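Dear colleague,

Please find below the structure that I am handing over to you. The notes that follow it set out what was found.

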Amino acid sequence: MNRQSKTLKKWAANRNHRYREEFRGQFPKVLASSEVFGLAFSVEGGTVADSLSELIVNLGLSQHILISGREVSVVGLSSGREFAISIVQASYVIYLLYFICRMHALILDQMRDQTGNPLPYCDWQISPDNFPLGVTGPMAELFSISANSASALRLIRGNFRVSTHLGGDPGAEVCDNLAGMLRQDLQRGACNFDLAAKPKKGALYWEIHSPTPHTFSTATSI
């Protein structure tokens, strides 16, 4: 794909129809032959903003993430400073964190050691590079603080190791293209992926979230 520059283009770029169709055809094949898995979710309606209060409780963050009007105050988390962030921005960060914590538990439950016994913990390396306003913006800061605190708060069995890529995140272009493709697939009701019922190597696990009371349905077909 894009053989001249050997980089992926922006999915939303104008006059990009041929490139999008090539990505749609090639990327599922590349993923299927790889040792990695894809995780994705699509959100319908006002699910993200409407879920904030509930997710703060579910994550055990009621003493640390305080809603006041249109702002959220972040207090008492040992991995970062106290600061304020808009309720809209906080909603997206907490929603993403909740999804990642659920995926960590789902995948860890499937993992086994060499003798076939369940693994007691698993560490993930994750990056907040692609939030609006960059790694120093309030969304990246809230994500980093919350993710770094996930183990101490017993949200996961293991650790989230938050890191940034000073030269640019090599996965950002893939995520941009995958998000754009899945958004269009959901609208048109067709998908090129052989969707998985649970995360596994070489496959895409995709959830579609409905408005509150929210439900998580796995998109094994659309």
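A residue is called exposed when its relative accessible area is over 50%, and buried when that area is under 20%. Please bear in mind that this is a predicted model.

By that cut-off R154, at 78% relative accessibility, counts as exposed. This residue sits in the loop between α5 and β6. R154 is not a glycine, yet its phi is positive, at about 60°. For context, most residues other than glycine have a negative phi. L133 is a further case of a positive phi in a residue other than glycine, with a value near 75°. The place of L133 is the loop between β5 and α5, and with a relative accessible area of 65% L133 is exposed.

Helix α5

The buried residues are M139, A140, E141, L142, F143, S144, I145, S146 and A147. What do they pack against? Their partners are the strands β2 (65–68), β3 (71–74) and β4 (83–86), helix α4 (87–108), and the strands β5 and β6.

Aromatic pairs

The structure holds 7 aromatic pairs. One of them is formed by W11 and F23: the ring centres are 5.8 Å apart and the planes stand at 75°, so the pair counts as edge-to-face. W11 belongs to the segment before α1 (17–32) and F23 to helix α1 itself, so the pair ties together parts that are 12 residues apart in sequence. W11 is buried because its relative accessibility is 5%, and F23 is buried as well, with a relative accessible area of 0%.

A further pair, W124 with F160, is tilted, with 6.1 Å from centre to centre and 40° between the planes. This pair links distant parts of the chain, since W124 is in strand β5 (residues 124–126) and F160 is in strand β6 (residues 160–162), 36 residues apart. Both W124 and F160 are buried.

W11 and F23 also belong to one aromatic cluster, together with F27 and F193.

The second largest pocket

This pocket has a volume of about 200 Å³. Which residues line the second largest pocket? They are E35, F37, I107, Q110, M111, W124, P199, K200 and K201. By class, the lining has 5 nonpolar, 1 polar and 3 charged residues. W124, described above as the partner of F160, is thus one of the lining residues.

S42 is found in strand β1 (residues 38–43). Is S42 buried or exposed? S42 counts as buried because its relative accessibility is 12%, and the cut-off for buried is under 20%. The side chain of S42 makes a polar contact with the side chain of W206, at 2.8 Å. Leaving aside residues up to four places away in sequence, S42 touches L186, W206, E207, I208 and H209.

D185 lies in helix α6 and is buried, with a relative accessible area of 0%. From D185 to G137 the C-alpha to C-alpha distance is 31 Å, while the two are 48 residues apart in sequence.

The loop between α6 (172–188) and β7 (204–209) holds L195. This leucine is buried, with a relative accessible area of 8%. L195 and G116 are 79 residues apart in sequence, and their C-alpha atoms are 26 Å apart in space.

A197 also has its place in the loop between α6 and β7. Is A197 buried or exposed? A197 is exposed, because its relative accessible area is 58%.

With kind regards

Terms used:
Residues are numbered from 1 along each chain as its sequence is written. This is a predicted model: local features need pLDDT of at least 70, side-chain atom pairs count only at pLDDT 80 or more; totals for chains, interfaces and linings use all residues. Side-chain values use heavy atoms; hydrogens and water are left out. On a 1 Å grid over the protein atoms alone, a cavity is a set of points where a 1.4 Å probe fits but cannot get out, and a pocket is an open set with protein on both sides within 12 Å along at least five of seven lines; lining residues have an atom within 4 Å of a point. Grid points are joined across faces, edges and corners, and a volume is the space filled by probe spheres set on the points. Ala, Val, Leu, Ile, Met, Phe, Trp, Tyr, Cys and Pro count as nonpolar, Asp, Glu, Lys and Arg as charged, and the others, Gly among them, as polar. Helices (H or I, at least four residues) and strands (E, at least two) are DSSP runs, numbered from the N terminus. Buried means under 20% relative accessible area, exposed over 50%, partly exposed in between (1.4 Å probe, protein chains only). A polar contact is a pair of N or O atoms within 3.5 Å; within protein, one must be able to donate a hydrogen and the other to accept it, and residues adjacent in sequence count only if both atoms are side-chain atoms. Contact means heavy atoms within 4.5 Å. Rings of Phe, Tyr and Trp (its six-membered ring) pair if their centres lie within 6.5 Å; planes under 30 degrees apart count as stacked, over 60 as edge-to-face and the rest as tilted.
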